[in-house]
Amino acid sequence: MDKPNDLMDKLVSLCKRRGFIFQSSEIYGGLNGCWDYGPLGVELKRNVKNLWWSDVVTSRDDMVGLDASVIMNPRVWEASGHVGGFADPMVDCRKCKGRFRADQLYYAVRQGQSRHGGTVSVGFSAIADKAQDALTAMELQLKKKGRQIREWSSDFEPIRYDQQQSDQTPCPVCGEQECLTAPRAFNLMLKTYMGALEDSSSLAYLRPETAQGIFCNFKNVLDTQRLKLPFGIAQVGKAFRNEINPRNYTFRSREFEQMEIEFFCHPSQADQWYKYWRQARFDWYINLGLGSQRLRLRDHDKDELAHYAANCADVEYAFPFGVSELEGIANRTDFDLKQHQECSGKDLTYYDDQTKERFLPYVIEPSAGVDRSVLAFLCEAYTEDEAPDDKGNPKKRVLMKLHPKLAPIKAAVFPLVKKDGMPEVAHKIYDDLKKRWNVFYDEKGAVGRRYRRQDEAGTPFCITVDGQTLQDQTVTIRDRDSLNQDRIGIDKIASYLSEHLGN
Ligand code: GAP
């Protein structure tokens, strides 16, 4: 059985080897917190986004889409509370200059993890106590401003500190004692300047969430689309956060993508819609192959909720590095529209012609991370088993058991050998399928090795043209997971794929 880190190492290596995910700017040594999706990764990611879009937008009649700008008027972020309170607690090591998120540091210490070896839990309580006080104060302050310390307990189990007494405060990286600063609030918004001047008048932010673009367009969408409550606005797009400590591969990045819905309804219906979206979003992951035993819906405790949130639940996945959040579903009440109404001075109320009632709608927000979903699907898919090699001997095999709807390549087409007219027949099949699906043609090397490459790419089907094809116009179709091979007529390939791929 692999240790969690071994499994992550193997997955990271496969993702690089096969072209799912690369380090950003790798030839220059990379850039912490940024990742590039390679030819297979971009297809997987697009499939995730397209499946989400068709599920929540195009297959429904109560949802519309939006694509708002990444950089918005800075006043948006004052109204939303991000300028004042979008912060994580940061701790610095004065010696090695390491920088940590205080809650992660405590978690690491609690677990006795330390890069310089040995346990670091002894002597921790002094900083833990100091930090705990500072964090509690900071959290209260942020809550008053309408923000929470993010993901306070979503990455980890609720933090409970050892109560050992000591005056030592070791750094988990260099091991130096008494070198850690007290936690300070660190604003996570990435800043830039717009226009020719670089001063406070041209300061702008890269959006830390896509949600605010939706709130700011609520009236535009309402007025132009002639919508009636309840209805939702959905958006997929990049978000940026200057994470103190990007980690766990793509899980916590500085540049990432979100898939967010703001679903507007009458306040009296908010609870019902919250329950609906909480379940619908959980089911979406299950239906795309995340195992129910690794996925859970965790309702926030009342003291975890931001003061404006009436309810919140997280969809969490048991990654090899721990149980962590994929998506949050929150009843945000009318907090955001009220804030923007007050700060912009524009009327954002909704008028119901039938009841003659004017009010600010409540909002249910299912907010998902594209990169985190992709990572969860990759972790779930990684499988090792045994399969016969070209000589029929059992050999270790690595395969990505991605759901066919997520698989970057739907089918690969091979001529058994590169002669006797087989490549021509195989190429014709490939050309026909290419019009409908992302398929791959390969004639290089032993067929067994070609199968293995596709297993690692997560390709559900391999179609092989062999000697018999030339006589009876049939091919073999090999199933990635079961290794079963069906022999079917060339004219039946498209319907076979359509049935098994579900599109
Ligand atoms: N509008 C609400 C909002 O942004 P959030 O919990 O801060 O809520 C929503 O973010 C989702 O965005 C998370 O559940 C996660 O999937 C994703 N996300 C947030 N920060 C991320 C990061 N640094 N790297 C990758 N994904 C992130």
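Let me begin with a definition: a residue is called buried under 20% relative accessible area, exposed over 50%, and partly exposed in between, using a 1.4 Å probe and protein chains only. By that rule Trp53, at 28% relative accessibility, counts as partly exposed.

The model before you is predicted, so local features need pLDDT of at least 70 and side-chain atom pairs count only at pLDDT 80 or more, while totals for chains, interfaces and linings use all residues. Residues are numbered from 1 along each chain as its sequence is written, and side-chain values use heavy atoms, with hydrogens and water left out.

Trp53 lies in helix 2, residues 39-58; helices (H or I, at least four residues) and strands (E, at least two) are DSSP runs, numbered from the N terminus. Contact means heavy atoms within 4.5 Å. Setting aside residues up to four places away in sequence, Trp53 touches Thr58, Gly65, Leu66, Ala234, Gln235 and Val236. Ala234 is 181 residues from Trp53 in sequence, yet their C-alpha atoms are 8.1 Å apart.

I turn now to helix 8. Within residues 218-225, Phe218, Val221 and Leu222 are buried. They share one side of helix 8 because they cover an arc of only 100° around the axis, taken from the directions from the helix axis to the C-beta atoms. Asp223 and Thr224, on the other side, are exposed. The partners against which the buried residues of helix 8 pack include strand 3 (63-66), strand 9 (231-240) and helix 10 (335-344). Just past helix 8, Arg226 adopts a positive phi of about 50°.

Finally, the protein overall: it has 15 helices and 23 strands, and 54% of its 503 residues are buried.
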